[in-house]
Amino acid sequence: MFSDHNLYHYSLLSLFLIGPPTFLSCQFLPAPYGKHRRSGGGPTISPPLAWFLKESPTLWLTLILFPFGRNHNNPLSLILISPYLFHYTNRTIIYPLKLYFNSKGGAPENGFPVRIAFLAFVFNLLNAYVQARWVSHYAEYDFDEWFWVRLAGGMVVFAGGMAVNVWADKVLVGLKSEGDGYKIPRGGLFEYVSCPNYLGEIVEWLGWALMIGSWAGFGFFLYTFANLVPRARFNHEWYLKKFGEDYPRKRKAVIPFLY
């Protein structure tokens, strides 16, 4: 008999299994959107709509699942899920609105490939189920003596990462709104890495993993790392190729002073 416990077990296992092939495939070819858009990628939709649709399961699926968990009335579970929902409210609603209101137009070459949006949508279905189901149902709060320690430490890491992520996104969206193509982003962590937006997101989900103290959070952190670190390298190489000697040579791709 296929139970919810089995579904959760195999979903969590899937989260870990898709990480290594994602990391390996992204070493050779970046996902074809944004700077790395390639011809022949199939139909596209506007980037703001793509971001809204592909990230949306993190909100609606979480809100659907949460009331069915045995911990749904536990204040600790509500506290714990709040940073996750806070991040994805920004990513699903606020960020696409910023893209929309700062865009200079919807030319086809600036579109977001539907197949990439669909793959991201499927991943977010999987991950939202794993994270929400753990927090609302499978986590044990009654005898967790380290809950507040983990929450406090993880929240500091999460908040720092999100601050960097939101700030870097604001800088990049602002540069796009100026028109005239891509420009070299400057200031703050951009002086150290080409992709502080990715660095911030990786740090965020490290903080989340510390907060919830489970394989669910650790699996999400590992997948984020596997997905974003190779893309950061391609972004860095793209900047170097496009701007040549004008691009700061001391910048790394995503980890200051290291990579």
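Axes are lines fitted to C-alpha atoms, for helices over the stretch in contact, and angles run from 0 to 180 degrees between N-to-C directions. Helices are DSSP runs (H or I, at least four residues), numbered from the N terminus. The model is a predicted one, in which local features need pLDDT of at least 70 and side-chain atom pairs count only at pLDDT 80 or more, while totals for chains, interfaces and linings use all residues. Residues are numbered from 1 along each chain as its sequence is written, and side-chain values use heavy atoms, with hydrogens and water left out.

**Stop 1: helix 1 and helix 2**

Select helix 1 and helix 2 together. Their axes are 4 Å apart and pack at an angle of about 25°. That makes the two helices roughly parallel (angles under 35 degrees count as roughly parallel, over 145 as roughly antiparallel, 65 to 115 as roughly perpendicular and the rest as oblique). To see where they meet, display Leu15, Phe16 and Leu17 of helix 1 with Gly19, Pro20 and Pro21 of helix 2; contact means heavy atoms within 4.5 Å.

**Stop 2: helix 1 on its own**

Now keep helix 1, residues 4-17. How far apart are its end C-alpha atoms? They are 20 Å apart, which agrees with the 20 Å that its 14 residues should span at 1.5 Å a residue; the expected span is 1.5 Å times one less than the number of residues.

Colour Tyr8, Ser11, Leu12 and Leu15, which are the buried residues of helix 1. Because these residues fall within an arc of 100° when seen down the helix axis, they line one face of the helix; the arc is that of the directions from the helix axis to the C-beta atoms. Buried means under 20% relative accessible area, exposed over 50%, and partly exposed in between (1.4 Å probe, protein chains only). In general, an α-helix has 3.6 residues a turn, so residues three or four places apart point the same way. The buried residues of helix 1 pack against helix 2 (19-28), helix 6 (114-138) and helix 9 (215-243).

**Stop 3: Leu12**

Centre the view on Leu12, in helix 1. This leucine is buried, with a relative accessible area of 17%. Not counting residues up to four places away in sequence, Leu12 touches Val130, Trp215 and Ala216. A distance can be drawn from here to Leu63, 51 residues apart along the chain: the two C-alpha atoms are separated by 19 Å.

**Stop 4**

**Stop 5**

Move to helix 3 (residues 47-55) and helix 4, whose axes come within 6 Å and cross at roughly 25°. Helix 3 and helix 4 are therefore roughly parallel to each other. Here Leu53, Lys54 and Glu55 in helix 3 meet Pro57, Thr58 and Leu59 in helix 4.

Within helix 4 (residues 57-65), select Thr62. Is Thr62 buried or exposed? Thr62 is buried, with a relative accessible area of 1%. Leaving aside its neighbours within four places in sequence, Thr62 is in contact with Pro57, Ile81, Tyr84, Leu85, Ala128 and Ala132.

**Stop 5: Val157**

Go to Val157 in helix 7 (residues 147-177). Val157 is partly exposed, at a relative accessible area of 25%. Beyond residues up to four places away in sequence, Val157 touches Val203, Leu206, Gly207 and Leu210. The C-alpha atoms of Val157 and Phe225, 68 residues apart along the chain, are separated by 15 Å.

**Stop 7**

Select Phe243, which lies in helix 9 and is buried, with a relative accessible area of 17%. Which residues does Phe243 touch, not counting those up to four places away in sequence? They are Tyr182, Lys183, Ile184 and Trp238. Between Phe243 and Tyr182, 61 residues apart along the chain, the C-alpha separation is 9.7 Å.

Finish at Phe257, in the segment after helix 9. Phe257 counts as exposed, at 65% relative accessibility. Most residues other than glycine have a negative phi. Phe257 has a positive phi of about 70° although it is not a glycine.
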